Every structure is written in C-alpha cells, then in structure tokens.
Amino acid sequence: MKKIVLYNPEALFFDMPLALLSIASVLDPSEFEVIIIDARIEENAHGKLIECCEDAFCLGVTVLSGSPLKDALYATRLVKSVYPELTTVWGGWHPSLFASEILQEEDSVDITVYGQGEVTFNELIKALNDNSDLKEINGIAFRRNGDIIKTPARLMSNMNDLPPVNYDLIDIERYFKAKGKRQFDYISSTGCFFRCSFCADPFVFKRKWTSIEPKRLVSELKHWQNKYGFTDVNFQDETFFTYKKRSTEIAEEFIDKKLNISWAATMRADQGSRLDLEDFKLLKRSGLRRVLIGVESGSQEMMDWLKKDIKLEQVLDCADKCNRLKITVQFPFIVGFPGESDKSVKASMDFIKKLRKISPKFYTPIFYYKPYPGTAITEDAVKSGYQLPNSLQDWSEFDFVDAKGGPWVDEEKYNLIESFKFYSSLAWRDEHWISSPIRTMARWRCEKDFYKLPLEKYIINRLRRKIELS
C-alpha cells in the first residue's frame, strides 16, 4: 500500500480540512493510505510532515492566497529539500487561478490541480502510480522537458456521483476543542450560478453549481452525529439556499430524522426573498440559527455595478423574516471599490444603521475591497495601472481582511470607516458590559456621523487592553 500525505497550511480559523478530506475520500483505500497533517492544530506540523513523507508516494497541499500560501511554500520547500524525488501537488483556490504560474517554482511544486479536485486528483494519483501520460488528465498543469503544460479544464462532477467524505481520516475531537464547541463542518454544494464582478467563483467554477441531494446529505450527517455527537453544523457552501425546494426538504429531513442540532449557512438575499415566512419557520424548527447574507453595498447603483443581481428591498425582506424568528444574520459589506464615490460609502453606512436598528442579532462587518485575480473589477484595475503581486512570495504577503484595500481608500475615508465600524459595533449591541451611556453616545455619533473627540473609544480600548493583560 502506498502512502499519500496531505497538508493543510497554517491559518487563523479551525474549519475541518474539507478540501483534503474530499480528495482523500475518492482514493481506493486498498491501494493508498492517506495521512492528513493540519498545521492549524498540529503542534509540530513541519516535523511530522518530514517524518510522514519519508516513505510517501505523493505530497498534496491545499493552498489559499495569503499567509496559508506562505506556510504552504515553506513546508513544500522543506519536504523537497529532504526528499527531492517526492512528487508534490498543489490544489485549492490559488492553484485554480495560477495553475501554470506556480510551476515557475521549479524546485518544489511539480503539479498543480485547478478547479473541482476530487476526480482530477484520483486520476492523477492513478496516472502517477501507473506511470501513464499526465496529458490525458483534465484540470492539471505540470512541467515536461522545460515546458509548462496545462491540460483542458475539467467539467464539474455531480456531487452525488462522488463517495461520501470520510471524516475518520482526521481527529474530529481536536477540531471541536480548537473551536471551543462541538461544531461539524460540511459542504453540501459546490460552485455558484451568479456573476458578481468582485468574486473569483465565476472564473473558477464557470457559473456552475452541483449539490448533494437532501436524503443523502441528512443520512450522512446522522451517521457522523451518532459517531461524534456534534451539536451544530456549519455548512461551508457558497450558496446553500440556491433552490427553495431543496432547502425546505433538507429542513424537513432534519426534523424527520431527529438530528436535534443547530446549523448555519450562506444565503443570497434573492434566495431568502423566495422563501416565505412559513418556509423560514420550518428552517428555524429544523435548527437554523444563523445565515450570512452578503450585501456588499447600501447603494443600489453600486450593487448593479457589482452585478450582484439583488435588490436592497430583498435584503430588508430577509432581515424582517429573520428578525421575526430571532435568527442571527451576518450582513457583510465591502467599501473602497475603484472609483467608488463618497455618496456610495455613505449609502452603505446608512443601510448598515438601518439593519442594526432592526435587531441586536444582526452583525454588519465591513471589509475593504482588495483586487483578486479572476474578477472583472480586478481586470479593469490592472488595465488602469494597478499592480497585483507577481510572485509566490508576494502572494504569500497578500491579506484579504486586515488591510486598507487598494489605493482607492485615502486616509480620510479610512479613518471615517474605522470610526464608524467601532461606534456602530457598540451602538446597537445587546451586551451587559457596555454601559447605557456609552451605548447611547455611540448611537448619537452614528446618527450624526460625528466621530471627532473619541473619548469613549479611548476609554474602551484602555479597558480592553487591561482585560487582555490580566
């Protein structure tokens, strides 16, 4: 039996390594032993990686742009320095966008997989095992005689044709401990039908979508719940509520099979609008506790420019239904798009206020737009002179969240948004530790858009620092 080592790089979140589990689960267990090493929960991940790769057949690494890429690059180079003949394969979001470019890293990465990876990786492992021609495998890139060869893209596979994910390949309890709760991660669909111009999904999945049928989905969850006793499921789908009928069937199956869990998933506002209040009540009875509804902008003009294909009225409709049923909602926003006007930013701030006033269970994180390949906005920004990172090392420094975004956000706008983020987070929260005077003052500031002389901010930050140090 040949050994395949799969590596999940360091990151700040503790979701189960679903991508690695998915590709591992399609391999023939009678031929291949799979070992998954997750640097997020392994104390000496690099040491274990070197140890496990000693007699391995292949090393596979899932790679996301930013700090995970930095660790992926370090770990792969480390393994290659010890085992130069070991075949290394990169897959995931970054290789799906830069399948050929990554192979300029000649000393460490041998093959990249782009797009949906389960069938591709299975065929690749078989080809490596049989020493057959890699050019016959769709969805990969590799080097041959100094040239980089990229094969045609693979069509999306129906998820119902793939075997169930084998969670026994990881230590589930370690993830529960890292999360601080018995939360199970699951992907019930892949891809997205929509065309948002700031998102790379349309580039990677070509606006295709596939899902696991409800009875199979709930049967699998019931099996793993009986084994591991989780109390919550976090669906990692891009668009879980794509079809109304499927969503309600899943809820009915949850109730019928008596899962007795809470669950959370991502919802588009137009999808939520197609669900009536009775549908939401069914979802709530089945355990729905939280949905994430990407708003992006409070300006309909900006939403249309982003090709979001939703209306602000649909967002408010979803907010009303969720408020009635006490369902928590995260409404993410993005500011700082190229050419975005002050009026558009103000519209987002005003819409955030409107949502926050509806329920203390509504959260409105604000992110700064940062150009990422595969999107129409990025293509236009590059044509206008914006410079994307041009090496793996540069991409390893790329930061999606903790950054000011692109050059379209000047210091004045940045300070305004940061002040608004701080005060809006206090103004409508239902927390015991926030005194009524501070909450009242924060609401007044948000209503007046007045953030000068931020004495409360100074006091609260001092208190927080004391708590952190105690």
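Q: Which hand does the crossing of H17 and H18 have?
A: This is a predicted model, and in it H17 packs against helix H18 (residues 436–448) with the axes 8 Å apart. The hand of the crossing of H17 and H18 is left-handed.

Q: Is H17 oblique or roughly parallel to H18?
A: The two helices pack at an angle of about 130°. Angles over 145 degrees count as roughly antiparallel and 65 to 115 as roughly perpendicular, with the rest, apart from those under 35, as oblique. That makes H17, relative to H18, oblique.

Q: How many nonpolar residues are in the contact of H17 with H18?
A: From H17, the contact takes Phe420, Tyr423, Ser424, Leu426 and Ala427. H18 brings Ile438, Arg439, Ala442, Arg443, Arg445 and Cys446. Sorted by class, that contact has 1 polar residue, 3 charged ones and a nonpolar count of 7.

Q: At what angle do the axes of H9 and H11 cross?
A: Take helix H9 (residues 244–256) and helix H11 (residues 277–285), whose axes come within 8 Å. Their crossing is left-handed. The angle is roughly 40°.

Q: How many polar residues are in the contact of H9 with H11?
A: Lys244, Ser247, Thr248, Ala251, Glu252 and Ile255 in H9 touch Asp279, Leu282, Leu283 and Arg285 in H11. By class there are 4 nonpolar and 4 charged residues, and the polar ones number 2.

Q: Which residue in E2 is the bridge partner of Ile4?
A: Strand E1 (residues 2–8) pairs with E2 in the parallel sense, over 7 bridges. Across from Ile4, the partner in E2 is Val34.

Q: Which residue in E13 is the bridge partner of Ala265?
A: Another open sheet has 6 strands in the order E8-E11-E12-E13-E14-E16, with parallel pairing. At its edges sit strand E8 (183–186) and strand E16 (362–363). Strand E12 (residues 262–266) and strand E13 (residues 288–292) share 4 bridges in the parallel sense. The partner of Ala265 in E13 is Val291.

Q: How many residues apart in sequence are the parts that the pair of Phe98 and Trp395 ties together?
A: The structure holds 32 aromatic pairs. Phe98 and Trp395 form a tilted one, 5.3 Å centre to centre with 50° between the planes. Phe98 lies in the loop between helix H4 (93–97) and strand E5 (111–113), and Trp395 in helix H16 (residues 392–396), so the parts tied together are apart in sequence by 297 residues.

Key. Residues are numbered from 1 along each chain as its sequence is written. This is a predicted model: local features need pLDDT of at least 70, side-chain atom pairs count only at pLDDT 80 or more; totals for chains, interfaces and linings use all residues. Side-chain values use heavy atoms; hydrogens and water are left out. Two strands pair if DSSP finds at least two bridges between them. Axes are lines fitted to C-alpha atoms, for helices over the stretch in contact, and angles run from 0 to 180 degrees between N-to-C directions. A crossing is left-handed if the near helix is turned anticlockwise from the far one by less than a right angle, and right-handed if clockwise. Contact means heavy atoms within 4.5 Å. Ala, Val, Leu, Ile, Met, Phe, Trp, Tyr, Cys and Pro count as nonpolar, Asp, Glu, Lys and Arg as charged, and the others, Gly among them, as polar. Rings of Phe, Tyr and Trp (its six-membered ring) pair if their centres lie within 6.5 Å; planes under 30 degrees apart count as stacked, over 60 as edge-to-face and the rest as tilted.
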